[in-house]
Amino acid sequence: MINKVETEIGGRNLIIETGRVAKQAHGAVTVQYGETVILATAVISKKPRDQDWFPLFVEYRHKAYAAGKIPGGFFKREGRPGEKEVLSARLVDRPIRPLFPKGYMNEVQIIISILSADQENDADVLGMIGASTALCLSGCPFQGPIGVVRIGRIEGEYIVNPTFSMLENSDLDIVISGTADSVSMIEGKAKEVSEKAVLGAVEAGRTTLDKVIQLQEDLVSICGKPKQTFEIAPVDQELIAAVNERAGAEMPRINTPTDKDERQAALTSLVDDTIEALSEKFPEQEKAIKAAIEELEKADMRQMIIERGQRIDGRKLDEVRPISCEVSFLPRTHGSSLFSRGQTQSLAVITLGTKMDEQKIDGLEGESWKSYMLHYNFPPFSVGEVRPIRGPGRREIGHGVLAEKAIEPVVPVDEAFPYTIRIVSDILESNGSSSMATVCAGSLALMDAGVPVKTAVAGVAIGLIREEDRVALLTDILGVEDHLGDMDMKVTGTSDGITAIQMDLKVKGISLEVLEQAFERARQGRLTILDVMNKTLSAPRSELSEYAPRILTLQIDPEKIGAVIGPGGKIIRKITEETGAKIDIDDDGTITIASTDAEGGPRALEIIKELTADVEIGQVYKGKVKKIMGFGAFVEILPGKEGLVHISQLEHHRVAKVEDVVNLGDEIQVKVLDIDDQGKIRLSRKALLAGGQERSRSDSERRPPSRRRPMPKR
């Protein structure tokens, strides 16, 4: 049976339907908004996995047919997910994962397929709504539903679910999800907006969240399956008591100020000793003993923070770890920096390229070109591990795009700085907040490269410990504080405002009051970090690196592009070979010339100017004699443009033979006297000769010589 519910949101109907397609999935819905349609399915395994992490798998897939396109490439079918699909899958995963009960280990797979794309409404929000609805319909112990909304802001007015075209004029683009009484996730970017503006966006989205939640509940009440009950397997209280007796007293000693390696070594030793001591009484219970010790570790750390305001590295709750910054770290790169914060370290390197280095984006919304990009790498040695190195994973892609969005608002536009900019962040050491270290390192590296960025950008991660009604916020969290805490909220920005935000929770949600406090804590931390960065390098260098290409631009009449390219590209190849410069020509007549040679670029520019210049009457040109006739010489004054110097215009006196003055191949200065209706150019050499005017006057006053002069009378 087909069931459908709908409601109006942002001037368009949101329609959720089930019962028509994918009926063998445990939960399946289509969600339509405008003419964008997605299919979301949820399937849950019958038996749990024996492991210590929740096996939730989210796949988000574009279908090229959704936008009336055929995939590119040799195989002409969809392949591995692209960057946008990976980011959207992460967006769906993060607010859903905390809403499964602790200890639930049945495999849950969510697959979201984009079936129709109107190229105005982004499908990612629909995917989140569809995933939540499918889970609620499936009967699994999902503690949802969640509401989701995208908020933009144009001229101070908040816009619900703005279209792609609206977002071009918006200074805010954030996705908010939440349950009926709290906010559970925030993700987005901004153009240096205030914390108050972001909070206003969250408040503006609350009504929509409630409508989306109610819509799902209405559908579930009609056709939802009974919700399964789930109870955690009973804990062996005797084992817990034995572990507490053996390891409880040691945990406060381990959770004392020390570095990551020493603490981990002590913890590993405690686990091994406890397992060995209890192995006879509790055989084959190593996993349970490890889990009990982790609970001890978690409880002790959280108690230290909540009751004593003490962190395991000795910092105050609002204190940032020690920071060091270096620029020009590498000698031959275009720009580089090494940013260290505690035991987290990022090496950021800038490479400047030309328009030919831009990245082509082929998405459902159409093709586009990207001239600024940031790539994040997390090698295993950064955390002292051994594992295979493969392509970038979802985490690396997500962290890289977050840092890219953070810095983007201060990067100059193409018209002001016509370079392709690539930032690479290699994490050399990690103990929490490596994506925020990437933002700081990337900002410094841009300045070191001489990129005219508007100002510096920094980022900081804020954590949360919540025990009943007691809440503690942590500035610049460690890896263990992220692992054992309740929140990881990353906020980036300049001294003037926020540029990006990503908030993930391990609890159901937080109130707006706590969110406001977290924003203020992030602002204070960000300003502290910016102060240290500015002491290292406060403004972009005045000159680009000597190894970076120099780019010159020229605007020509599009009709003259052919004159620059030449038949079969002959002319442009010749210019490239002669000057060593890279030349790129846009259809609108914009020519970009790049060269690392100080002389090559200007020479290429001069040649192109000559190729595309118009001959002007009265102008003087240095030309080359191309052809000699009895009546004058043809002189090339611009590439492909010749004019005639009549024999009478060679000298002030009478010239008997053209070769008496000029020869083939000579370079001479000439002046343009006239251009007739047929484009024929008349040139003069004698007009530029010294004393020409006086001699011309005397010649005109003198009677012409007579061949037959009468003899004087005697």
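Lys4 has its bridge partner, Glu17, in strand 2. The model is predicted, and this pair is a place to start reading it. Strand 1 covers residues 3-9 and runs antiparallel to strand 2, with 7 bridges joining them. The two strands form a hairpin with 2 residues between them, and in this hairpin Gly10 takes a positive phi near 60 degrees.

Strand 2 also pairs with strand 3, which covers residues 27-33; this pairing is antiparallel too and has 4 bridges. Here Ile16 stands opposite Val31 of strand 3. Strand 2 therefore has strand 1 as one partner and strand 3 as another, where strands count as paired if at least two bridges are found between them. Is strand 2 mostly covered or mostly open? Of the 7 residues in strand 2 (residues 12-18), 6 are buried, so it is mostly covered, buried meaning under 20% relative accessible area.

Now to the whole chain. The protein chain holds 16 helices and 29 strands. Its radius of gyration is 36 Å, while the globule rule gives 27 Å for 714 residues, so the chain is more spread out than a compact globule. The C-alpha trace spans about 155 × 60 × 45 Å along the principal axes.

Buried residues make up 50% of the 714 residues. Among contacts between residues at least 6 apart in sequence, 69% join residues at least 24 apart. The accessible surface of the chain is about 35,800 Å², and carbon and sulfur atoms account for 49% of this surface.

Methods:
Residues are numbered from 1 along each chain as its sequence is written. This is a predicted model: local features need pLDDT of at least 70, side-chain atom pairs count only at pLDDT 80 or more; totals for chains, interfaces and linings use all residues. Side-chain values use heavy atoms; hydrogens and water are left out. Buried means under 20% relative accessible area, exposed over 50%, partly exposed in between (1.4 Å probe, protein chains only). The radius of gyration is taken over C-alpha atoms; the globule rule is 2.2 Å times the number of residues to the power 0.38. Contact means heavy atoms within 4.5 Å. Accessible areas come from the Shrake-Rupley method with a 1.4 Å probe; for residues, only the protein chains shown count as cover.
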